[in-house]
Structures are given as structure tokens and as C-alpha cells.
Amino acid sequence: MKSTGRSTMTPTNQELEAACQALGVSYDPVRAPASAADILDAVRQRQKCQHCTRVREQAAECVCVGIDYCDGTYVLTARQCPKGRAYLQQRRIDRLTYQSGVGRRFQNRTFETFRTTPGTEAAYQACQSFCRRYQPHRRGLRIHGRYGCGKTHLAAAIVNTMTSKGVPAMFVVTPDLLQSIRRGYDNPDAAKTAQAIVDSARTIDILVLDDLGSEKPSDWVREQLFVLINARYEAELPTIITSNYSTADLVDRLGQRIVSRLIEMTTAITMTAPDYRMQ
């Protein structure tokens with residue numbers, strides 16, 4: 001084997017083809033050998049990134065080296081670390097929700113602080129399983145139960161768990177979100193904040209819509225919720241719903257076209273525990 005500048009051996013065509021496949025770029029048997037050093041460098045950088053333990057602010061400063069194939073040329077590229085990008089996105093979401101007051105009081109609720117009682121174990125396990133087995137474009141959860149049974153705590157725990165893993169997630173109380181939109185009609189600054197929240201809710205990796213159905217039903221409410229839920233339905237983004245209302249009651253309050261999408265998007269979970277606040 002001939003020696004190269006950055007590798008001790010000249011890779012075979014099979015090795016270069018496998019490297020290009022791992023990097024997600026086209027394999028050109030004519031051009032690849034001439035760019036073998038850069039291709040192998042990109043593979044080594046990809047492997048280092050896969051074992052990197054940096055998170056949050058540290059990850060935001062990381063640069064991932066990759067390679068592109070364009071117009072018959074292999075070119076090394078630098079991209080922001082995916083974990084760092086997720087952190088910056090999450091920080092923006094947190095800032096938006098804090099400014100609006102949406103979901104602020106649930107930021108410290110975790111699985112560790114949840115008190116399991118008879119009637120909550122199945123929901124607790126399902127929510128933990130969602131986090132352990134999370135994959136993009138999977139079904140979300142639809143958690144139904146009476147007031148005070150802990151469904152909001154579990155939904156917030158999902159958000160807090162996933163954001164700690166670098167997966168952008170957002171928690172909104174549905175009536176508060178709708179109120180933010182209403183305030184925007186008379187206040188340009190509030191309108192900008194509300195629109196930013198709605199835009200993020202449509203595209204965020206994981207969204208919690210807490211207390212769905214408790215808002216007073218109206219055509220305006222149904223339309224606002226349909227636009228949001230349908231956007232996530234079309235994009236196959238996981239959505240977590242909590243509600244005091246059964247599926248049949250939600251149909252009466254929100255309409256068939258919203259609830260039919262929610263049924264397809266989520267797995268139903270029922271919590272039967274009594275209101276822990278009254279104990």
C-alpha cells in the first residue's frame with residue numbers, strides 16, 4: 001500500500017464506498033480516490049462526534065466536520081453541532097414561553113418528583129417509555145384523567161427529560177396559548193411574541209398541549225387549534241395531549257376533524273387516580 005499524507009495506507013475502493021455511504025454522500029469511483037484523505041478525515045470526525053460528551057453551552061461552541069459532493073468535487077464542510085443547535089433552539093423556546101407566561105410554572109416537574117398512586121402507574125410507565133424509546137415521527141400520547149391526578153406533571157416531566165437529552169421540546173397550557181393569541185390582536189408587541197410561540201409550537205420536535213378542551217368552545221378556538229394540530233399531523237411530529245375530557249367529549253367541544261387527527265397521532269392513556277390536591 002502507498003503512504004498518504006494523512007493516512008498510513010491508501011484505502012480500497014470498497015472502503016471509500018463504505019465511507020461515503022456512512023457520510024451520506026455519493027460515491028464517485030473516479031473522484032473519490034483523489035479525495036481519499038478528506039473523506040477519511042470526515043469519517044474520523046463523525047466518529048469523534050458520536051462519542052462526544054459535550055452538552056448545552058459547550059456543545060453550542062462545537063463544529064462538526066463533514067464532507068459534501070457537488071459538481072464532481074468532494075469538499076470538507078463545517079456545520080454546527082446538532083446537540084448545540086438543539087440547545088440554542090431550546091433556549092429560544094424557553095425565552096419565548098417565559099416572556100409569555102405560557103407553561104412557566106411546570107419547568108421543575110420531573111419523573112423523580114412524581115408521586116405514583118393506584119391508577120397512575122400505567123401512565124407513569126408509558127411516559128417514561130416514551131422518553132426511553134423516543135424517535136422522531138413517532139406517535140405521541142393522549143393523557144385523560146380527572147383534575148389533580150397528575151397528568152400535567154407527567155407531561156411536563158417528558159419535556160424536562162427530553163430537553164435534558166438535547167431534544168427540543170415545548171410545554172404550553174392550551175388556554176394560555178389562545179389567550180396570548182387574543183392579546184396580539186390589540187398589541188403589536190404581543191402579536192410578535194404570540195406568533196413566534198405558535199410558529200415554534202408547529203415545528204418543535206415535541207409539543208405538549210396541556211389542558212386541551214378546557215377553553216370555551218367557539219369557531220375561532222377550533223380554527224386556531226386545527227391549524228396548529230394539523231401542521232404537526234402533516235409533519236408527523238410527536239404531540240402530548242392532556243385533558244380532563246374523554247374522546248367523545250372532545251369531539252363535542254373541538255369537532256371531529258381535530259379529534260380524528262389526535263386519535264391517529266397519539267396513544268390514549270387514562271389515569272383513574274383521585275385529585276391528590278384534595279388528599
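Histidine 137 is exposed, because its relative accessible area is 51% and exposed means over 50%, with buried under 20% and partly exposed in between (1.4 Å probe, protein chains only). You can find histidine 137 in the loop between α5 (121–132) and β3 (140–145). Its backbone has a positive phi of about 65°, although histidine 137 is not a glycine.

Before we go on, a word about what you are looking at. This is a predicted model, in which local features need pLDDT of at least 70 and side-chain atom pairs count only at pLDDT 80 or more, while totals for chains, interfaces and linings use all residues. Residues are numbered from 1 along each chain as its sequence is written, and side-chain values use heavy atoms, leaving out hydrogens and water.

Now for the whole chain. The protein chain has 11 helices and 7 strands. Of its 279 residues, 44% are buried. Contact here means heavy atoms within 4.5 Å. Among the contacts in the protein chain with a separation of 6 or more, 75% are between residues 24 or more positions apart.

Let us follow some helices. Helix α7 (residues 174–183) and helix α8 (residues 188–203) pack at an angle of about 140°, and their axes are 7 Å apart. Axes are lines fitted to C-alpha atoms, for helices over the stretch in contact, and angles run from 0 to 180 degrees between N-to-C directions. Angles under 35 degrees count as roughly parallel, over 145 as roughly antiparallel, 65 to 115 as roughly perpendicular and the rest as oblique. The pair α7 and α8 is therefore oblique. On the α7 side, Leu177, Ser180, Ile181 and Arg183 meet Ala190, Ala194, Ile197 and Val198 of α8. This contact of α7 with α8 has 6 nonpolar, 1 polar and 1 charged residues. In this sorting, Ala, Val, Leu, Ile, Met, Phe, Trp, Tyr, Cys and Pro count as nonpolar, Asp, Glu, Lys and Arg as charged, and the others, Gly among them, as polar.

Helix α7 also meets α9. The axes of α7 and α9 come within 11 Å and cross at roughly 105°, which makes α7 roughly perpendicular to α9. Here Thr174, Leu177, Leu178, Ile181 and Arg182 of α7 touch Trp220, Val221, Gln224, Leu225 and Leu228 of α9. By class, the residues of the contact of α7 with α9 are 7 nonpolar, 2 polar and 1 charged.

Helix α9 (residues 219–235) packs against helix α11 (residues 256–265) at an angle of about 30°, with their axes 10 Å apart. These two helices are therefore roughly parallel to each other. On the α9 side, the contact is made by Arg222, Glu223, Leu225, Phe226, Ile229, Asn230, Arg232 and Tyr233, and on the α11 side by Arg257, Ile258, Arg261, Leu262, Glu264 and Met265. The contact of α9 with α11 divides into 7 nonpolar, 1 polar and 6 charged residues.

Glutamate 236 is a residue other than glycine with a positive phi, near 55°, and it counts as exposed at 51% relative accessibility. Threonine 239 is in strand β6 (residues 239–243) and counts as buried at 2% relative accessibility. A polar atom of the threonine 239 side chain lies 3.2 Å from the backbone oxygen of leucine 237. Leaving aside neighbours within four places in sequence, threonine 239 is in contact with Gly140, Leu141, Leu207, Arg232, Met265 and Thr266.

Another strand residue to look for is aspartate 210, in β5 (residues 206–210). At 4% relative accessibility, aspartate 210 counts as buried. Not counting residues up to four places away in sequence, aspartate 210 touches Phe106, Thr152, Phe171, Val172, Val173, Thr174, Pro175 and Thr242.

Our last stop is lysine 165, in the loop between α6 (151–164) and β4 (169–173). Lysine 165 counts as partly exposed at 48% relative accessibility. Beyond residues up to four places away in sequence, lysine 165 touches Cys131 and Arg132.

Methods
Helix = DSSP H or I, 4+ residues; strand = E, 2+ residues; numbered from the N terminus. Polar contact = N/O pair within 3.5 Å; in protein donor to acceptor, adjacent residues only side chain to side chain.
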